[in-house]
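Hi everyone, thanks for coming. Have the viewer open while I talk, and stop me whenever you like.

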Amino acid sequence: STVSARIQELEQALGVPLFDRATRRPYLTAKGRELVAYAERTLDLVGEIKLKVGSEQELSGIVRMGVPELVAVTWLPAFAAMVRKRFPKLVLQLEVALNPDLIARLHDGQSDIAIVAGTGAGLPFRSRYLGSVQFAWMASGAMNLPQKVWTPQELSELPMIYQGPESATRKVMRQWLGSQIDHEPNSICNSMGGIASLTMAGVGIGFLALPFYADHVASGKLQRLETSPASPRMAFSALYPERQSMPMMEVFADLAAQASTFDFEEAGDGAG
C-alpha cells in the first residue's frame, strides 16, 4: 500500500499515468517506460556520487550477483572477502546457476552482475575477461580405458554425462563432437561436482575442468583421455548492464579479475 501511494503521488506530480490499471496486472504506460530510463540514470548517478565522493566504508545496499559452480568452489570466497573489506556495509547476494539462468537473470534485472562461461559476445552487456580454464574428457580410473588418442567418433560411442541442455559445457561438447555425430547424453547433472562423482563411479565419461581435478587424475580415481583435436579451453567473463554509468559494477568486475585464479595467459573458448 505504501508503494502504491508513492506511485500515485508521483503520477499526480507529473500529471500523467505511469501504469495502465485496466487489467488485473498493471503495466507500465509509454510515459512509465520513459520514466524508467530516467530513473536508471538517476540511480546510476547517485551510486557514482556515493562511490566517488562518499566513503566506501559507509556505502550500503545489496548487490545481486550470479556465478557458475566452478567459480563458487574456487575463488569466490577470496572475491567475497575483498568486497567485504572494501565495502563492509554492502550485502553480497549470490546465486549459483548455469549460464542460461545467469544470463536470464541479468536480462530480467534480477541480477546486477554475473560471471558466466564464455565472453558474452553478442549480448547487450559490458564484459570483463576473467581468464580461461582447460577442460578435458575424463573417465573413471576403474574403467581402464586404452591409453591412446581418442577421436570424437570413438568418444561418442562411450556413455557421456552432460551438465544440462543449455549449459556452456554442453555447447562446447557438442561443438567438439561435431555436427555429423548424433549423440545424446546418457546422464544429465547440473553440478560439475556431481558429474565428477558420477564419472569416478563409472556412470559415463565427463567433460571436467582439468586444473581442479588434477589430484583425482594423479591418484588414479580419474583418467584423462587424450584427444584429437585437443579438448578446448573455456573463457569466463563478468557481465553487467550496459548503461551510461555503472561505476559500482565496474569496481566489482575489477575485484573479480583480481580474485580470479583462472589462467589469463591463454585465450579461452568463446562459448556463451
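I'll go through charged pairs, then strands, then aromatic rings.

A word on the ground rules: this is a predicted model, where local features need pLDDT of at least 70, side-chain atom pairs count only at pLDDT 80 or more, and totals for chains, interfaces and linings use all residues. Residues are numbered from 1 along each chain as its sequence is written, and side-chain values use heavy atoms, with hydrogens and water left out.

Let's start with charges. Side chains of opposite charge can pair when their charged atoms come close. The term salt bridge here means a side-chain nitrogen of Lys or Arg within 4 Å of a carboxyl oxygen of Asp or Glu. How many salt bridges does the structure hold? There are seven.

One of them joins arginine 126 to glutamate 250, at 2.8 Å from N to O. Arginine 126 belongs to strand 6 (residues 125-140) and glutamate 250 to helix 10 (residues 247-259), so this pair links distant parts of the chain, 124 residues apart. Helices (H or I, at least four residues) and strands (E, at least two) are DSSP runs, numbered from the N terminus.

How covered are these two? I call a residue buried under 20% relative accessible area, exposed over 50%, and partly exposed in between, with a 1.4 Å probe and protein chains only. Arginine 126 is partly exposed at 25%, and glutamate 250 is partly exposed at 32%.

Next come arginine 128 and aspartate 254, whose side chains meet in a salt bridge at 2.2 Å, N to O. Arginine 128 is partly exposed, with a relative accessible area of 32%.

Now look at arginine 233 and aspartate 263, whose closest N and O atoms are 3.3 Å apart in a salt bridge. Arginine 233 lies in strand 11 (residues 233-241) and aspartate 263 in the segment after helix 10, so the pair ties together parts 30 residues apart in sequence. Arginine 233 is buried at 17%, while aspartate 263 is partly exposed at 27%.

That brings us to strand 11, where nine of nine residues are buried. Two strands pair if DSSP finds at least two bridges between them. Strand 11 runs antiparallel to strand 6, joined by eight bridges, and antiparallel to strand 5 (residues 113-117), joined by four.

On to the rings. Rings of Phe, Tyr and Trp (its six-membered ring) pair if their centres lie within 6.5 Å; planes under 30 degrees apart count as stacked, over 60 as edge-to-face and the rest as tilted. The count comes to nine aromatic pairs. Phenylalanine 87 and phenylalanine 252 have centres 6.3 Å apart and planes at 15°, so they are stacked. Phenylalanine 87 is buried at 0%, and phenylalanine 252 is buried at 0%. Phenylalanine 212 and phenylalanine 262 are edge-to-face, at 6.2 Å centre to centre and 65° between the planes. Ring pairs also link Trp75, Phe212, Phe236 and Phe262 into a cluster.

Finally, the charged end of lysine 148 sits over the ring of tryptophan 150, 4.5 Å from its centre. The cut-offs for that are NZ of Lys or CZ of Arg within 6 Å of the ring centre and within 35 degrees of the ring normal. Thanks, and over to you!
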